Amino acid sequence: MTAPDPATLKLKAEFPAREIAFCAARVPQSSRLLYGSSDFHVYEIDLESEKPESLAFSGEPHQSYVTGLAVAAGHAVSGSYDGRLIWWNVESRERVRDIAAHDRWIRRVASSPDGRLIASIADDMLCKLWDAATGELIRTLADHEPLTPHHYPSMLYAVAFSSDGKLLATGDKVGHVAVWDAATGEKVGAVEAPVMYTWDPKQRRHSIGGIRSLAFSPDSERLAVGGIGQIGNIDHLGGPSRVEIFTWRDGRRLHEIEDENFKGLVQQLEFHESGGWLLAAGGDNNGFVTFYDPETGKLLHQEKAPMHVHAFVLADDSAALWTIGHEKIAVWSLGASLAESK
């Protein structure tokens, strides 16, 4: 598939979200967007309906923020700060299964491309792989240290599968990334991005930042890591958004990209399947959507988003982009391909 030209990105519409939308997933081959909220619920909104409206999934909700969401095997699987994973029937929006998955806050949930596995990560510093159909725990992956170098609790923020589902990457607060064989659970590589970790020894005596997003290139040879650069004002995410791209097998850093124009956390990354661009989104008080050339690390195009972007979903043909965040859902269009625009 030829990548759409990032310069054609246009904001088409905005819809209200219930409180803060932290995570998103899409029902395949549809315009049905699912998202998890700070009000403890999971919602669905059909963005192509005549009057798009957020509809809550039924049954007992989570007991805290919903921070991870994935769709697989006919289910939506949500994770929360309550440490639980809940399986929901995608069509009926009814609760199917509830599992006490982690001892601490769940930060992210991801599904393998074939829909067979669910990966969850949490502040117990563990990644757990689950059977998407049955909810059975398959294995636990442990590599991340529970404490920062300054002896405070660390966090495990980011997880991503490769496009062929053979690899899995996990990233933590201090900038350590582990790469795993998804089938065996063997650790097969690691990269380090310590600039994304800021320690404030004076004003607050705590750390902030960390790796917030990961994405494998289509050939699985490169790994993009997203977060924030060194932070001057830790109360306002006063640091540049930051992306690093590695050849993960040898740990070599290819590109270091910092953006002082749009500050804040890079909350999500995704390569176009052609490899034509790398999409990054996030924010501080404001939000951004940014496209980079993964070969050169150069900026291709960026736009201000109408809210801090916590997550995004691309349409199957990449002609539409949905971003979610603070009380808003934004719908974007992407037009002509890169080849056609040249």
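Modeller: A pocket is defined on a 1 Å grid over the protein atoms alone, as an open set of points with protein on both sides within 12 Å along at least five of seven lines, and lining residues have an atom within 4 Å of a point. This is a predicted model, in which local features need pLDDT of at least 70, side-chain atom pairs count only at pLDDT 80 or more, and totals for chains, interfaces and linings use all residues. Residues are numbered from 1 along each chain as its sequence is written, and side-chain values use heavy atoms, with hydrogens and water left out.

Colleague: Which element gives the largest share of the lining of the second largest pocket?

Modeller: The lining of this pocket comprises 13 residues, and Ser31, Glu48, Ala315, Ala320 and Trp322 lie nearest the centre. Strand 1 and strand 28 each give two or more residues to it; strands are DSSP runs of E, at least two residues long, numbered from the N terminus. The largest share, three residues, belongs to strand 28.

Colleague: Is glutamate 327 buried or exposed?

Modeller: Glutamate 327 belongs to strand 28, which spans residues 320–333, and has a positive phi near 65°. Exposed means over 50% relative accessible area. Because its relative accessibility is 54%, glutamate 327 counts as exposed.

Colleague: Is methionine 125 buried or exposed?

Modeller: Methionine 125 lies in the loop between strand 10 and strand 11, and its phi is also positive, at about 70°. Most residues other than glycine have a negative phi. With a relative accessibility of 3%, methionine 125 counts as buried.

Colleague: Which strands stand at the edges of the open sheet of four strands?

Modeller: The order of this sheet is 19-20-21-22, with antiparallel pairing; two strands pair if DSSP finds at least two bridges between them. Each edge strand has a single partner, so one side of each is left without a neighbour in the sheet; these are strand 19 and strand 22.

Technical notes: Buried means under 20% relative accessible area, exposed over 50%, partly exposed in between (1.4 Å probe, protein chains only). On a 1 Å grid over the protein atoms alone, a cavity is a set of points where a 1.4 Å probe fits but cannot get out, and a pocket is an open set with protein on both sides within 12 Å along at least five of seven lines; lining residues have an atom within 4 Å of a point.
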